[in-house]
Amino acid sequence: MLPRSTTQRGFTVAISSDAAIDYDGLMQANLFRVFSERDAEKRLLAIQELYAEDAVLNDPQASVRGSAAISEAVTTLLSSLPPDFAFRATSPAIGHHGLGRLQWRGGPPNGPAVVTGTDIAQIEAGRIKWLHVFI
C-alpha cells in the first residue's frame with residue numbers, strides 16, 4: 001500500500017500505512033506454508049495467496065518470477081533436503097516502509113541448525129512483491 005500524504009504548515013508529510021502490514025504474520029507464513037510445504041499443490045495455493053502475481057524470488061541458486069516458477073524453485077530446494085528438514089524463525093519478523101526481514105534456521109526438527117539465513121521482502125498491498133533469501 002502506498003503511503004498517503006497531507007500538508008501541514010506548508011510541508012507535505014507522508015503518512016505511513018505500515019500499521020496495516022503484518023510483517024511477522026506474512027513472513028512466517030511464507031517460511032512455513034511455502035518453504036516448508038512439500039505438497040506442491042498446497043504450496044502453490046499458499047504462494048498465490050501470499051505473493052503478488054508478478055512476484056520475484058531471488059536466492060543464491062535462482063532468480064524466478066511468478067507463482068509457478070517460485071513453487072518449482074522451492075520444489076528443487078526441498079528435494080535436496082532430508083524429509084524431516086524443518087525451517088524455523090529465530091525471532092519475529094520486523095519491518096517498515098514495506099520492507100520486512102525474517103531471520104531463520106534450518107535443520108532436523110529438534111536438532112542443531114544446519115543452515116541459517118535471512119529473508120528480506122518487499123511487501124506491496126499486503127503481499128510479497130519480491131523476496132531475497134540470504135544463506
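Predicted model: local features only at pLDDT ≥ 70, side-chain atom pairs only at ≥ 80, totals over all residues.
**Exercise 1. Which other strands pair with E7?**

Step 1. Take strand E5, residues 86–89. E5 pairs with E7 (residues 99–107) in the antiparallel sense, over four bridges. Here Ala89 stands opposite Trp104 of E7.

Step 2. Move on to strand E8, residues 115–124. E7 and E8 are joined by eight bridges and run antiparallel.

Step 3. Return to Arg101, the bridge partner of Ile94. Arg101 also stands opposite Ile120 in E8.

**Exercise 2. Trace the sheet onwards from E8: do E8 and E9 run parallel or antiparallel?**

Step 1. Count the links: seven bridges join E8 to E9, and these strands run antiparallel. One of the pairs is Ile123 with Ile128 of E9.

Step 2. Check the hairpin between them. Two residues lie between E8 and E9, and Ala125 takes a positive phi near 55°.

Step 3. Compare this with strand E3 (residues 51–59), which is joined to strand E9 (residues 127–134) by four bridges and runs parallel to E9. Tyr51 has Ile128 as its bridge partner, and Ile128 is also the partner of Ile123.

**Exercise 3. Describe how helix H1 packs on helix H2, with the crossing angle and the residues in contact.**

Step 1. Recall what is needed: two packed helices are described by the angle between their axes and the distance between the axes.

Step 2. Read off both. The axes of H1 (residues 23–34) and H2 (residues 40–50) come within 9 Å and cross at roughly 165°. Angles over 145 degrees count as roughly antiparallel, so H1 is roughly antiparallel to H2.

Step 3. List the contact. H1 brings Leu26, Ala29, Asn30, Arg33 and Val34, while H2 brings Arg43, Ala46, Ile47, Glu49 and Leu50. Sorted by type, these residues are six nonpolar, one polar and three charged.

**Exercise 4. Repeat the description for H2 and helix H3.**

Step 1. H3 spans residues 67–79, and the H2 and H3 axes lie 9 Å apart at an angle of about 135°. That angle makes H2 oblique to H3.

Step 2. This crossing of H2 and H3 is right-handed.

Step 3. The contact includes Ala40, Arg43 and Leu44 of H2 and, among others, Ile70, Val74 and Leu78 of H3. The residues of this contact divide into seven nonpolar, four polar and one charged.

**Exercise 5. Where is the pLDDT below 50?**

Step 1. Begin with the whole chain, which averages a pLDDT of 89, with 86% of the residues scoring at least 70.

Step 2. Look at residues 1–9, where the pLDDT is below 50; beyond near neighbours in sequence, this stretch has 19 contacts in the model.

Step 3. Then look at residues 12–16, where the pLDDT is also below 50; this stretch has 14 contacts beyond near neighbours in sequence.

Methods: Residues numbered from 1 in each chain as written. Heavy atoms only, no water. pLDDT = per-residue confidence, 0-100. Contact = heavy atoms within 4.5 Å. Axes fitted to C-alpha atoms, helices over the stretch in contact; angles between N-to-C directions. Parallel < 35°, antiparallel > 145°, perpendicular 65-115°, else oblique. Nonpolar A, V, L, I, M, F, W, Y, C, P; charged D, E, K, R; others polar. Pairing = 2+ DSSP bridges. Left-handed = near helix turned anticlockwise from the far one by under 90°.
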